[in-house]
Amino acid sequence: MQETHECLTCGRPFPRGQGVTFSVSGKNLEFHSKSCAYSFMRELLYSLKEDCLTLPLREVLAKYEEKLEQSKKKAEKKI
Ligand SMILES: [Zn+2]
């Protein structure tokens, strides 16, 4: 029998290996679709206190800026 998960946002069951799953703070977060994951994550993000968010937000932004910078450099080299 195939193991199924239940979407935390809408309750829809979905087979293992599909959907979006995260493991955060020892909890498995399981969503049947990206949009359900997005709703949940947005709720979670907005419920965090701003001072808890400032540093990780800065770090993640910096990481993505670096990635974008690198891919721009790669694109320039190809031309
Ligand atoms: Zn769902």
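Modeller: Let us begin with P15, which is placed in strand β2, a strand covering residues 13-15. Please keep in mind throughout that this is a predicted model.

Colleague: Is P15 buried or exposed, and why?

Modeller: P15 counts as exposed because it has 11 C-beta neighbours inside 10 Å, and the cut-off for being exposed is 12 or fewer.

Colleague: Which residues does P15 touch, leaving out those up to four places away in sequence?

Modeller: With those left out, P15 touches Q2 and T4. As for Q2, it lies 13 residues from P15 along the chain, and the C-alpha atoms of the two are separated by 6.9 Å.

Colleague: Changing topic, how do β3 and β4 pair?

Modeller: Strand β3 (residues 20-24) and strand β4 (residues 27-31) pair in the antiparallel sense, over 5 bridges, and within this pairing T21 stands opposite E30 in β4. Strand β3 is also hardly covered, since the count of buried residues among its 5 residues is 0.

Colleague: And what is going on with the phi of S25?

Modeller: S25 is in the loop between β3 and β4, where the hairpin has 2 residues between the strands. Its phi is near 50°, a positive value in a residue other than glycine. As background, most residues other than glycine have a negative phi.

Colleague: Why does S25 count as exposed?

Modeller: S25 is exposed because 5 other C-beta atoms lie within 10 Å, where 12 or fewer is the cut-off.

Colleague: Now the helices: what is the reach of α2?

Modeller: Helix α2, residues 50-78, has 29 residues and reaches 41 Å from its first C-alpha to its last, which is close to the 42 Å expected at 1.5 Å a residue. Like β3, helix α2 is described as hardly covered, with a count of 0 buried residues.

Colleague: How does the domain assignment divide the chain?

Modeller: The assignment gives domain 1 as 1-47 and domain 2 as 50-79, and the centres of the two, taken over C-alpha atoms, are separated by 26 Å.

Colleague: What about the chain as a whole?

Modeller: The chain has 2 helices and 4 strands, following the pattern β-β-β-β-α-α along the sequence. Its radius of gyration is 17 Å, whereas a compact globule of 79 residues would have one near 12 Å, and the C-alpha trace spans about 50 × 35 × 20 Å along its principal axes. Of the 79 residues, 6% count as buried.

Technical notes
Residues are numbered from 1 along each chain as its sequence is written. This is a predicted model: local features need pLDDT of at least 70, side-chain atom pairs count only at pLDDT 80 or more; totals for chains, interfaces and linings use all residues. The expected span of a helix is 1.5 Å times one less than its number of residues. A residue is buried if 20 or more other C-beta atoms lie within 10 Å of its own, exposed if 12 or fewer, and partly exposed in between; C-beta atoms are placed from the backbone. Two residues are in contact if their C-beta atoms, placed from the backbone, lie within 7 Å. Two strands pair if DSSP finds at least two bridges between them. Domain bounds come from an automatic or database domain assignment. The radius of gyration is taken over C-alpha atoms; the globule rule is 2.2 Å times the number of residues to the power 0.38.
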